Protein chains: 2
Amino acid sequence: MLDYQTALGPILHAIADPTRRVMVEQLAKGPASVSALAGRLPMSLQAAMQHLAVLEAAEVVRSEKIGRVRTVSLNPTALRQVERWVAEQKTAWERRLDRLGDYLGESPDDERKDHD
Amino acid sequence: MLDYQTALGPILHAIADPTRRVMVEQLAKGPASVSALAGRLPMSLQAAMQHLAVLEAAEVVRSEKIGRVRTVSLNPTALRQVERWVAEQKTAWERRLDRLGDYLGESPDDERKDHD
DNA sequence: TTTTTAGTAAAGCATATGCTTGACTATCAA
DNA sequence: TTGATAGTCAAGCATATGCTTTACTAAAAA
């Protein structure tokens, strides 16, 4: 099964940067212009735009330019992909713990805890 | 609100790399030795160990050396933090859409609030 | 029309990353 | 004790990243 949508690696790489996470957090509250996004950041507008370009390349974000203003908005699909991958790993992990529990008999011994 | 646990940035950076994701996926199925992890990867053992060091520094993974074998295992806490951050963003996003829905319920068009 | 304002493009630079190769150490096996 | 196995340390190198500064263009405002 291939990635139909955007690639997970670039998405994770995009949101691994603290500046870009601030941008995503702001965009989660609603669309914003490039300068509104760059406004609070302790760096040049150009630097902020380079971050935006990374987010957009990873399709974490989309944007549309109207007049001289480019409005950027979050693409929730990207975040869903992250969620999905993480959930898959957690599932595999928990299944292993279940098997381990069975194997070890019914002893309420070590290693496990509450998993859902 | 600060990060109590491990830092999200390093965790995301760690799992942004495809090689390291393969490692995490393998570890989700159960602990493995360094060489078992490195085994399938198209790179030197040393390179694989450098990846492992990144995962361990981010606390995505823990390891313990017994005899000459180091056994690596997944630390699900790190993945939970990713899950949490993503969920927070999605929540903010959806709340905004809800408000927008209410707003559009009565008044005509237009899609904004205040974005600075 | 002139001047801001919003956004772009591109070059340059310091640092970080991902990998290699070449030692080396500690443990287990024969 | 000798040798193979599992892992480690470190230097070196090419490429990627994050940022800056110096131009520019296009749209709105004055």
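The report below takes DNA strand D and then DNA strand C, and it concerns a predicted model.

**DNA strand D**

There are 21 residues around DNA strand D, and among them A:Q46, A:H51, B:S35, B:R68 and B:R70 come nearest. At least two residues each of the surface near DNA strand D are supplied by α4 (45–57) of chain A and by α3 (34–39), α4 (45–57) and β3 (69–74) of chain B, and α4(A) gives the most, with four residues.

**DNA strand C**

Around DNA strand C there are 21 residues, of which A:S35, A:R68, A:R70, B:Q46 and B:H51 come nearest. Sugar and phosphate make up 61% of the atoms of DNA strand C that come within 4 Å of the protein. The largest share of the surface near DNA strand C is four residues, and this share comes from α4(B). The residues of the surface near DNA strand C divide into six nonpolar, nine polar and six charged.

**Polar side-chain atoms and the DNA**

| Residue | DNA atom | Distance |
|---|---|---|
| A:Q46 | base oxygen, DNA strand D | 2.7 Å |
| A:Q50 | base nitrogen, DNA strand D | 3.0 Å |
| B:S35 | phosphate oxygen, DNA strand D | 2.2 Å |
| A:S35 | phosphate oxygen, DNA strand C | 2.3 Å |
| A:Q46 | base nitrogen, DNA strand C | 3.4 Å |
| B:D17 | phosphate oxygen, DNA strand C | 3.3 Å |

Conventions. Residues numbered from 1 in each chain as written. Chains lettered and ligands numbered in written order. Predicted model: local features only at pLDDT ≥ 70, side-chain atom pairs only at ≥ 80, totals over all residues. Heavy atoms only, no water. Near = heavy atom within 4 Å. Polar contact = N/O pair within 3.5 Å; in protein donor to acceptor, adjacent residues only side chain to side chain. Nonpolar A, V, L, I, M, F, W, Y, C, P; charged D, E, K, R; others polar.
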